[in-house]
Amino acid sequence: MKLNKAATTLAIALAAFASQSALAQVKIGVVSSATGPTALVGIPQKNTVPLLPAKIGDLTVEYIPLDDASDPTASVTAVKKLISEQNVDAIIGPSGSPNAMGVIQFVADAGVPLLAPVGTAAVVTPMDDKKKWVFKTTQNDDIIATALVGHMVKSGVKTVGFIGVGDPYGENWYKVFSALADKNGMKIVANERFQRQDASVTGQSLKILSAKPDAVLVAAAGGPAVLPQTTLVEQGYKGQIYQTHGAALPDFLKLGGKKVEGTILAASLMLVLPEIADSHPSKKIASEYIAAYEKAHGTKPATFGANVFDAGLLLQQAIPAAAKVAKPGTKEFRAALRDSLEQTRELVGTQGIYNMSATDHSGFDERGRVLIAVRDGAWTLAK
């Protein structure tokens, strides 16, 4: 009788513990573009999810991955689903800048932190009551643009042609770059746009060629970054071509071949890791991420995957502090998590060092980028 009573007591205790554990589990949604025009960005992001921490402190973490097929409308549907059906504590994604811009309203209304692995700074600037729920895990455009303009000035560039995607990524890049160009005495003599899914940019490139710029800047992310450059080269352009960090993926080299030889871009140190000094704080963790990704998938990751890995690092640091305030699955926990993310200081990631604040939800400084050139079909530090 006593044994049965003890067993019953133990069973009740175990059930209560299991119930508490279930309540304590953190749920993180991940929205990526594993298919569609942005797939070269989204695939390494989706592939990185299994490498994210499964346990943070005493809490287990469940990741719920969804594919938006590069469609901004599908991104909204996925985010709504994660919030209403899964009651997630945070969301990583989406992959594309227009997709991320489209979900800000919904995560803000629900009070769910969004860690956006996208290029455009427009997801976090200018800061307001909605964007305060968004944290960006890539370098802001101005950090990258400053490095590119510095190289242009040293190279004697006076006139520039600009071609970018006709969405928030391209538009914000033109805004940032044109201001820096003007400040440094350079004139933009051509300003063209194209869509990510376009199969031809012949008309735009001919207009750029007719303007005879000293250099051309292409502002696009993933596979679409290749088309304007290869088209210009095929049409006989001989000037210097620059790219943004949106082109920082192995497939840029594969798809572009000899036509992207000599490209200059500013991007993550991951592209040229063997050339980076061992003293750089990000080298060790970037090396570990690359090794883990290679072991899991048999290929090296694009930097876009590292943006998701860094989101995991940010959450790994922020969740324990939030858990002291409230239980996962509650609005109080999500609010505390947002506050904890905003207080991130000197967190070493694969891409650089994060220092967040109430006015800066990207947190990168110059340690988050290097100037890179394509030489002999490979990434090298620009000299």
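Some ground rules come before the questions. This is a predicted model, where local features need pLDDT of at least 70, side-chain atom pairs count only at pLDDT 80 or more, and totals for chains, interfaces and linings use all residues. Residues are numbered from 1 along each chain as its sequence is written, and side-chain values use heavy atoms, with hydrogens and water left out.

User: How are α2 and α10 oriented to each other?
Analyst: Helices here are DSSP runs of H or I with at least four residues, and strands are E runs of at least two, numbered from the N terminus. Helix α2 spans residues 39–48 and α10 spans residues 283–297; their axes lie 10 Å apart at about 90 degrees. Axes are lines fitted to C-alpha atoms over the stretch in contact, with angles from 0 to 180 degrees between N-to-C directions. Angles of 65 to 115 degrees count as roughly perpendicular, so α2 and α10 are roughly perpendicular.

User: Which residues of α10 make the contact with α2?
Analyst: Contact means heavy atoms within 4.5 Å. From α2 come I43, P44, N47 and T48; from α10 come Y289, Y293 and H297.

User: In which sense do β11 and β14 pair?
Analyst: Strands pair if DSSP finds at least two bridges between them. Strand β11 (residues 264–267) and β14 (residues 370–375) share four bridges. L265 stands opposite I372 in β14. The sense is antiparallel.

User: Which residue takes a positive phi in the hairpin of β14 and β15?
Analyst: Four bridges join β14 to β15 (residues 378–381), and the two run antiparallel. R375 has A378 as its bridge partner. Two residues sit between the strands, and the one with phi near 55 degrees is D376.

Technical notes: Parallel < 35°, antiparallel > 145°, perpendicular 65-115°, else oblique.
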